[in-house]
Amino acid sequence: MSFFEDILTVANEYWEPLIWWDGTQYSGLAITLWTLSLSIFLAFILALPLSLMRVSKNPWIRGPIWVFTYVFRGTPLYIQLLLIYSGFISLEFVKETPVLHDFFFSGFNCVILAFTLNTLAYTIEIFAGYIKSTPSGEIEAGRAYGMTKPQIYKRIILPSALRRALPAYSNEVILMLHSTTIAFTATVPDILKVARDAMNDTYLTMASYTVAALIYMVISFVIVWIFRLIERRALAFLAYDKE
């Protein structure tokens, strides 16, 4: 049997659990996209105020955020997931608190928490860097119009920083997509988990992981395409300035 035929065998037998779901069991693709979307959404919402705190001149405000980003950017996501999934559930106060025990007993909850905290750390630094690099002329223009400091942040600094951060942020989203491949560690049935099941059942190792790789590649292409459309619209003024 040729390699192409092996791929067709895996795709035919595991196409449904990889791509579709029957209403009672979600597919690997659905789990992967839901995990990615939820963690990215939560991190984005939290990063907006935390990135402002990160650039604060007050060390008591800036310091804790710096420590958080340093820790989560300085340690592997895989270890963070293991600590949250396998470590917290073993702590006595977690065992004795029903709400915490139920939360950390769920592998999906642990995956979302680990992914959110990890991408949050990187997103904060991305947004904070672009906030710091806001052209002084834009800020002075806001002051000239009589804007208060909160108004300058709301109407000038944050919108400008978010637009300019789009290329770097799109890379972070793609990296998070690739990072979702470790979700199976917490027994979350993502694309890679289905591919591993296919490999164990068919013994077609190369074909099973190739099918998974192709799916991830298509998702990456769609994400890049969406961000390029957003960038083209949000950063159109840069092309106008060059002209």
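F115 sits in helix α7. Helices are DSSP runs of H or I with at least four residues, strands are runs of E with at least two, and both are numbered from the N terminus.

Before I go on, a word on what we're looking at. This is a predicted model, so local features need pLDDT of at least 70 and side-chain atom pairs count only at pLDDT 80 or more, while totals for chains, interfaces and linings use all residues. Residues are numbered from 1 along each chain as its sequence is written, and side-chain values use heavy atoms, with hydrogens and water left out.

Back to F115. What does F115 touch, not counting residues up to four places away in sequence? The list is T35, S39, L77, M176, S179, T180, I182 and A183, where a contact means heavy atoms within 4.5 Å. F115 and I40 are 75 residues apart in sequence, yet their C-alpha atoms are 8.2 Å apart in space.

Now the whole chain. The protein chain has 13 helices and zero strands. It has 243 residues, and 40% of them count as buried. If you take contacts between residues at least 6 apart in sequence, 73% join residues at least 24 apart.

Next, the core. A nonpolar core is a set of buried Ala, Val, Leu, Ile, Met, Phe, Trp, Tyr and Cys residues joined through side-chain atoms within 4.5 Å. As background, nonpolar side chains tend to be buried together in soluble globular proteins. The largest core here has 45 residues, and the members that touch the most others are V111, F115, L120, I124, I191, I219 and I223. Which helices each supply at least two residues of this core? They are α2 (28-54), α3 (59-74), α4 (77-87), α7 (107-132), α10 (166-179), α11 (191-202) and α12 (205-234). The one that gives the most is α7, with nine residues. There's also a second, separate core of nine residues, and it includes V55, I131, I152 and I156.

Leaving aside neighbours within four places in sequence, V111 is in contact with T35, L81, A183, A186 and V188.

On to T180, which was on the F115 list. T180 is in the loop between α10 and α11. Is T180 buried or exposed? Buried, because its relative accessible area is 1%. Beyond its neighbours within four places, T180 is in contact with T32, L36, F115, D190 and Y216. T180 and T35 are 145 residues apart in sequence, but 7.5 Å apart from C-alpha to C-alpha. The side chain of T180 also reaches the backbone oxygen of L177 at 2.5 Å.

Now, how do the helices pack? Axes here are lines fitted to C-alpha atoms, for helices over the stretch in contact, and angles run from 0 to 180 degrees between N-to-C directions.

Take α3 and α7. Their axes come within 9 Å and cross at roughly 120°. That makes α3 oblique to α7, because angles under 35 degrees count as roughly parallel, over 145 as roughly antiparallel, 65 to 115 as roughly perpendicular and the rest as oblique. The crossing is left-handed, meaning the near helix is turned anticlockwise from the far one by less than a right angle, with clockwise being right-handed. In α3, I65, F68, T69, F72 and R73 meet L117, N118, L120, A121, Y122, I124 and E125 in α7.

Then there's α7 with α9, which is residues 149-164. Those two pack at an angle of about 120°, with axes 8 Å apart, so they are oblique to each other. This time α7 passes α9 in a right-handed crossing. The contact is made by F127, Y130 and I131 of α7 and by Y153, I157, L158, A161, L162 and R164 of α9.

One more residue in α9 is S160. S160 is buried, because its relative accessible area is 4%.

Key: Buried < 20%, exposed > 50% of the residue type's maximum accessible area, 1.4 Å probe, protein only. Polar contact = N/O pair within 3.5 Å; in protein donor to acceptor, adjacent residues only side chain to side chain.
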